[in-house]
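Please look at the model first.

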Amino acid sequence: MTDQLIEDRRAEVHLSPSSLVKVLGQLRFPTIMNIERVVPAFQRRIAEWYPVLRPEKVHEAAFGPDGVTTKNVQLWRFWDLNQQWSVVLSESFVAIETTNYTTRDDFVTRIETLLAALKSAKARPAVIDRLGLRYVNRLTGEDAEDLLPSLVSPQMHGLVGETLPGGMEVLLNVQHIRCKMNDSELQARWGRVGPNMMLVQDVDPVPGTSWLLDIDVYREQTVPFDPAAISAAAREACTHAYDFFRWTMTDSFFEARRAK
């Protein structure tokens with residue numbers, strides 16, 4: 001493919017309706033002790049976008065030389081007024097997630113806002129250990145059954161539409177791929193999911209058959225906390241995820257869903 005053709009395919013096609021059900025971004029860093037001291041300053045910095053604070057506690061398990069250890073982890077979750085976007089701050093990560101993703105530019109801008117909030121709240125970590133972005137897509141109804149072969153590229157079909165011996169009904173058919181890209185990696189899971197079956201954590205199942213595509217792009221590398229470099233890496237990760245999505249779906253999919 002020529003450079004221009006690659007750039008043309010990377011240009012976002014705005015879809016209506018979008019197949020995205022959730023998008024997440026996370027930045028992990030070494031533990032910041034007593035981070036609760038900087039929560040008020042962090043809250044003030046992001047209050048215009050995420051004014052509602054609802055603290056949470058989660059039970060976390062870890063495997064080590066002495067077996068399984070557990071602990072309660074305090075999270076601070078900030079919501080927008082429509083509860084479509086949230087930001088989570090903990091002692092070892094900051095994350096953002098949404099059910100209303102619009103554009104790559106908007107998502108990266110929101111990540112930059114969090115980086116600025118960490119810096120101004122004096123919670124700036126010395127280094128980061130992991131940057132990850134995740135896109136969860138879902139097709140339902142007729143799209144997940146009769147129309148799937150026309151919407152999804154042939155290499156992604158798997159056992160969809162196949163007849164198994166003895167009249168067996170396929171309830172779950174998932175494939176997994178892992179790719180290396182310089183200092184980043186991409187993992188994707190996709191497949192047909194039966195009614196009321198969960199494939200992705202925190203994504204509610206649906207009554208009918210669905211087809212899910214879960215794309216995770218991440219960089220596990222300890223680097224200095226540099227907001228400009230992190231922003232550039234986040235944008236690159238978004239682009240990698242979109243490249244894979246464009247390769248996955250057919251031209252018919254984009255033509256049928258292109259926003260008017």
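Q: Which residues have the most contacts inside the largest nonpolar core?
A: In this predicted model, with residues numbered from 1 along each chain as its sequence is written, local features need pLDDT of at least 70, side-chain atom pairs count only at pLDDT 80 or more, and totals for chains, interfaces and linings use all residues. Side-chain values use heavy atoms, with hydrogens and water left out. A nonpolar core is a set of buried Ala, Val, Leu, Ile, Met, Phe, Trp, Tyr and Cys residues joined through side-chain atoms within 4.5 Å, where buried means under 20% relative accessible area, exposed over 50% and partly exposed in between (1.4 Å probe, protein chains only). The largest such core has 60 residues, and those with the most contacts inside it are F42 and W211.

Q: Within what arc do the buried residues of α2 fall, seen down its axis?
A: In helix α2, residues 39-46, the buried residues are V39, F42 and I46. The arc is that of the directions from the helix axis to the C-beta atoms. The buried residues line one face of the helix, because they fall within an arc of 65°.

Q: What is the volume of the largest pocket?
A: On a 1 Å grid over the protein atoms alone, a cavity is a set of points where a 1.4 Å probe fits but cannot get out, and a pocket is an open set with protein on both sides within 12 Å along at least five of seven lines; lining residues have an atom within 4 Å of a point. Grid points are joined across faces, edges and corners, and a volume is the space filled by probe spheres set on the points. For the largest pocket the volume is about 850 Å³.

Q: Which residues lie nearest the centre of the largest pocket?
A: The elements that give two or more residues to its lining are β1 (20-28), β2 (52-64), β3 (67-79), β5 (93-98) and β6 (127-140). The lining divides into 12 nonpolar, five polar and nine charged residues, where Ala, Val, Leu, Ile, Met, Phe, Trp, Tyr, Cys and Pro count as nonpolar, Asp, Glu, Lys and Arg as charged, and the others, Gly among them, as polar. Of the 26 lining residues, those nearest the centre are L24, Q26, E97, R134 and D202.

Q: Which element gives the largest share of the lining of the second largest pocket?
A: The second largest pocket holds about 310 Å³ of space. Of its 17 lining residues, E12, S18, L20, Y101 and Y242 are the closest to its centre. The largest share, four residues, comes from α5.

Q: How many charged residues line the largest cavity?
A: About 100 Å³ of space lies in the largest cavity. Its lining includes G25, Q26, V94, I111 and I230. The lining divides into nine nonpolar residues, two polar and, as to charged residues, none.

Q: Is N196 buried or exposed?
A: N196 lies in the loop between β8 (184-193) and β9 (210-224). Its phi is near 60°, a positive value in a residue other than glycine. At 56% relative accessibility, N196 counts as exposed.
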